[in-house]
Amino acid sequence: SSLREASLHLVSFLLDGTLQSYELQQYLPSQLAAAAVMIATSTFGPATGSLWSAHLVDSTKYTKEEVTPVVRALLRAREERDKELDAVERKYSKRCFGQIALVSLPSVDSFIPGRKRDVAVDFPDESFASPPLQR
C-alpha cells in the first residue's frame, strides 16, 4: 500500500465510523469528509506546513477554521465509541484495508489553536512506510 492508499483508507474508515455517531449527525456530509481529509493529512502528512492548503479550501469551499471544530468532534466521537461493538473497527483492521484501524490518530488536543500537533505515526504494516507510486 502506498501512502496515498493509506490516506484513502483512513478517510473511508473515519467516514464509515461517523454513521454510528448520533453526535456527528449535526454536520453536513461535506463537512465530515473535509474533517476526515484534514485528519489524514495530519496523520500521514509532513510534520511541518499547513494541514489545509489553498487547494483544499478551493476544492471543499471550507476554511481551516471551519473544518477544525468538525475534526475535534470527529476525533472525540472516535475516542468515546465502544470498540467491542465497532464493526467498522473490525472491518478496517483487515489487511485488505491496510489495517488502517490500527494506526494511531492525532489527539483532539492537537487541533486546538496554538497547540503543537501530533506528528508521530505508528504504521501497523511496513507496507505503509513505502513512498507513494510515482507517475
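Here are some friendly notes on the predicted model above, point by point.

1. **Ground rules.** This is a predicted model in which local features need pLDDT of at least 70 and side-chain atom pairs count only at pLDDT 80 or more, while totals for chains, interfaces and linings use all residues. Residues are numbered from 1 along each chain as its sequence is written, and side-chain values use heavy atoms, with hydrogens and water left out.

2. **Overall make-up.** You will find five helices and zero strands in the protein, giving the pattern α-α-α-α-α along the sequence. Helices here are DSSP runs of H or I with at least four residues, strands are runs of E with at least two, and both are numbered from the N terminus. Of the 135 residues, 39% are buried; that word stands for under 20% relative accessible area, with exposed being over 50% and partly exposed in between (1.4 Å probe, protein chains only). Taking contacts (heavy atoms within 4.5 Å) between residues at least 6 apart in sequence, 73% join residues at least 24 apart.

3. **Helix 1 against helix 2.** The axes of helix 1 (residues 3-18) and helix 2 (residues 29-44) come within 9 Å and cross at roughly 140°. Axes are lines fitted to C-alpha atoms, for helices over the stretch in contact, and angles run from 0 to 180 degrees between N-to-C directions. The two helices are therefore oblique to each other; under 35 degrees would count as roughly parallel, over 145 as roughly antiparallel and 65 to 115 as roughly perpendicular, with the rest oblique.

4. Helix 1 brings L3, A6, S7, L10, V11, L14, L15 and T18 to meet L32, A33, A36, V37, I39, A40, T43 and F44 of helix 2. These residues divide into 13 nonpolar, three polar and no charged. For the classes, Ala, Val, Leu, Ile, Met, Phe, Trp, Tyr, Cys and Pro are nonpolar, Asp, Glu, Lys and Arg are charged, and the others, Gly among them, are polar.

5. **Helix 2 against helix 4.** Here the axes come within 8 Å and cross at roughly 85°, which makes helix 2 roughly perpendicular to helix 4. From helix 2, Q31, L32, A34, A35, A36, M38 and I39 meet K64, V67, T68, V70, V71, L74 and L75 in helix 4. The tally for this contact is eleven nonpolar, two polar and one charged.

6. **Salt bridges.** The whole structure holds three, each a side-chain nitrogen of Lys or Arg within 4 Å of a carboxyl oxygen of Asp or Glu. E89 and R78 pair at 2.8 Å, N to O, linking helix 5 (residues 87-91) to helix 4 (residues 64-80) across eleven residues; both E89 and R78 are buried. D16 is partly exposed at 24% relative accessible area, and K91 is partly exposed at 34%. K61 and D58 pair at 3.7 Å, with K61 exposed at 61%.

7. **A look at H9.** H9 sits in helix 1 and counts as buried because its relative accessibility is 14%. Leaving aside neighbours within four places in sequence, H9 is in contact with Y92, C96, F97, G98 and I100.
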